[in-house]
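Open the model in your viewer and show it as a cartoon. This tour moves from one selection to the next.

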Amino acid sequence: MRTAGDEPSGWWLIYLAVATSTESPKIIDPRDVLRRHGLRANKALGQNFLTDASALGAVLDAAELEPEDRVLEIGPGVGTLTAELVQRAGCVLAIELDETLVGVLCMELGDRPSLHLAHGDILKVPYQRMLADTCGAGSYKVIANLPYYITSHVLRLLLEREPKPETIVVMVQKEVAERATAGPGAMSLLSLSVQTYSQAQVMAQVPAGSFVPQPEVDSAVLQLKVRPEPLFPKISMERYFAIAAAGFGQKRKGLLNSLASNLHLPKAVVQEALRAAGIEPLTRAQQLGLEEWARLCDTLPAA
Ligand code: SAM
């Protein structure tokens with residue numbers, strides 16, 4: 001891997017200037033690339049290609065890239081984001097499911113020494129091992145304009161599988177970004193999981209017209225700073241999420257009913273656990289914050 005420290009000082013300064021620039025980056029027009037290669041976007045693979053330079057800039061700003069960063073890009077498409085990532089980071093591994101697009105990317109960006117392209121399904125490939133083999137072991141960032149049909153799956157995978165990335169910056173449906181960052185009153189299993197493992201922030205709103213073909217919904221740039229240490233080190237995450245899943249299992253019911261029925265516990269036992277955790281029995285799952293779920297792990301009897 002080439003690092004900024006290996007370069008002569010003049011190059012280093014130019015490198016730094018590029019990396020810290022806040023101007024909108026130049027953007028490859030995906031329509032041109034598709035036309036040149038005689039291709040069309042494959043909707044079944046969630047191919048909505050970025051065409052807007054300021055949206056691309058918002059993703060790059062949120063990624064806070066340094067010249068020594070290792071980056072995993074999911075779904076590089078025709079390389080719009082990839083071309084910028086290779087300029088700003090030390091090493092990029094881009095994994096794309098569409099084999100035809102991997103071929104296109106090889107032709108378009110194959111001459112960049114810090115770029116490694118791989119064909120595969122992000123949900124199935126050992127991406128941490130592939131990253132270590134290509135870019136070296138160590139901390140890494142995940143940056144992606146995610147195919148919408150696998151967003152929740154991918155977020156869960158990235159947040160749960162070790163070693164986790166230090167930062168995740170993803171373009172997702174606006175509603176998903178709102179749900180992931182919601183507070184007590186509008187919590188869901190998604191926000192609970194995202195916020196338990198990371199500090200989440202919506203960095204920019206991106207209108208549907210920023211992509212071709214244009215999706216039906218607006219998007220947003222979501223930044224997740226993954227927690228380096230567990231938020232609740234003494235609590236089993238398996239138990240924490242099992243209790244939460246039981247609570248969210250019947251969203252319209254109060255926690256007394258949903259926990260008793262989904263955890264197969266007598267109501268009197270659940271009532272006492274809720275009281276000991278300082279939670280009213282009629283409270284609904286979406287109203288609880290992270291700490292309250294953690295308290296329930298202590299007060300509910302082990303299965
Ligand atoms: N990064 C490009 C951009 O910003 O224009 C393309 C983004 S497009 C929303 C999503 C990309 O992910 C497509 O290129 C699609 O083929 C690819 N993709 C879909 N499912 C995938 C999977 N399971 N694993 C890896 N890539 C996938």
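Select β7 and strand β9, residues 219-226. The two pair in the antiparallel sense, over eight bridges. This is a predicted model. Now pick glutamine 205. Opposite it, in β9, stands alanine 220.

Seven strands form an open sheet, and the pairing is mixed. Read across in the order β4-β3-β2-β5-β6-β9-β7. Which strands stand at the edges? They are β4 (115-119) and β7 (198-206). Each has a single partner strand, so one side of each is left without a neighbour in the sheet. On average, neighbouring strands are turned by 20 degrees against each other, direction ignored.

Move on to helices α10 (residues 237-248) and α11 (residues 255-263). Their axes come within 7 Å and cross at roughly 120 degrees. The crossing is right-handed. Show side chains here. From α10, select Ala242, Ile243, Ala246 and Gly247; they meet Leu255, Ser258, Leu259, Asn262 and Leu263 in α11. By class, this contact has six nonpolar, three polar and no charged residues.

Finally, zoom out to the protein chain. It has 13 helices and nine strands. Its C-alpha atoms fill a box of roughly 70 × 40 × 35 Å along the principal axes. Of the 303 residues, 49% are buried. Colour the surface by element: the accessible surface comes to about 14,600 Å², and 52% of it belongs to carbon and sulfur atoms.

Methods: Residues numbered from 1 in each chain as written. Predicted model: local features only at pLDDT ≥ 70, side-chain atom pairs only at ≥ 80, totals over all residues. Heavy atoms only, no water. Axes fitted to C-alpha atoms, helices over the stretch in contact; angles between N-to-C directions. Helix = DSSP H or I, 4+ residues; strand = E, 2+ residues; numbered from the N terminus. Left-handed = near helix turned anticlockwise from the far one by under 90°. Contact = heavy atoms within 4.5 Å. Nonpolar A, V, L, I, M, F, W, Y, C, P; charged D, E, K, R; others polar. Buried < 20%, exposed > 50% of the residue type's maximum accessible area, 1.4 Å probe, protein only. Areas by Shrake-Rupley, 256 points an atom, 1.4 Å probe, with all protein chains shown as cover. Pairing = 2+ DSSP bridges.
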